[in-house]
Amino acid sequence: MEKDSNALNWFEIPAADINRASKFYGTIFNHQMVDMGEQMGMKMSGFPTAMDGGHVSGSLVQGPNHKPSADGAVVYLNANPDMQAVLDRIEPAGGKVIMPKTQISDEIGAMAFFIDSEGNRVALHSSN
């Protein structure tokens with residue numbers, strides 16, 4: 001791996017309904033998802049940093065090869081500066097918190113798990 005490379009460079013979270021998923025993530029993170037249109041037969045909605053370059057980011061994807069699941073790999077999304085504010089918006093937005101904010105260590109920070117509006121298990125991480 002190159003010295004300046006990231007272990008992760010892109011992620012895709014499967015969506016059965018791209019509009020519902022975009023609304024869910026926009027609501028819990030209090031930001032506007034970016035409509036990326038349709039690419040290669042898939043509808044895509046990007047996290048805001050997906051469009052500004054230079055940052056690791058990803059998108060929601062609705063397509064035949066993207067099936068929502070609570071059993072696959074886990075993506076940790078950045079919940080800084082206040083993870084609890086994000087957690088508090090999950091259930092009203094249609095998700096379910098399955099592990100509350102849990103301190104890993106002072107050096108690493110905290111984590112939590114939730115099921116999103118599409119049935120995916122997703123994690124949060126924050127430095128505090």
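Strand β6 (residues 96–105) and strand β7 run antiparallel to each other and pair over six bridges. Here, strands are DSSP runs of E with at least two residues and helices are runs of H or I with at least four, numbered from the N terminus, and two strands pair if DSSP finds at least two bridges between them. This is a predicted model, where local features need pLDDT of at least 70 and side-chain atom pairs count only at pLDDT 80 or more, while totals for chains, interfaces and linings use all residues. Residues are numbered from 1 along each chain as its sequence is written, and side-chain values use heavy atoms, leaving out hydrogens and water.

Within β7, M111 is the bridge partner of T102. On the β8 side, M111 has H125 as its bridge partner. β7 and β8 are also antiparallel, again with six bridges. The link from β6 to β7 is a hairpin of three residues, whereas the hairpin of β7 and β8 has five residues between the strands, with G119 at a positive phi near 100°.

How much of β7 (residues 109–115) is buried? Six of its seven residues are, so the strand is largely enclosed by the rest of the structure. Buried means under 20% relative accessible area, exposed over 50%, and partly exposed in between, with a 1.4 Å probe and protein chains only.

Now for the pockets. Rolling a probe the size of a water molecule over the atoms shows where empty space is left. A pocket is an open set of points on a 1 Å grid over the protein atoms alone, where a 1.4 Å probe fits, with protein on both sides within 12 Å along at least five of seven lines; lining residues have an atom within 4 Å of a point. Grid points are joined across faces, edges and corners, and a volume is the space filled by probe spheres set on the points.

| Pocket | Volume | Lining by class |
|---|---|---|
| Largest pocket | about 400 Å³ | twelve nonpolar, five polar, two charged residues |
| Second largest pocket | about 170 Å³ | six nonpolar, three polar, three charged residues |

In these classes, Ala, Val, Leu, Ile, Met, Phe, Trp, Tyr, Cys and Pro are nonpolar, Asp, Glu, Lys and Arg are charged, and the others, Gly among them, are polar.

The largest pocket has 19 lining residues, with F29, H31, F47, L77 and N78 nearest its centre. β5 (76–78) and α2 (83–90) are the elements that give two or more residues to this lining.

For the second largest pocket, the lining includes F11, K67, N120 and R121. β1 (10–14) and β8 (121–126) each supply at least two of its residues, and β1 gives the most, with four.
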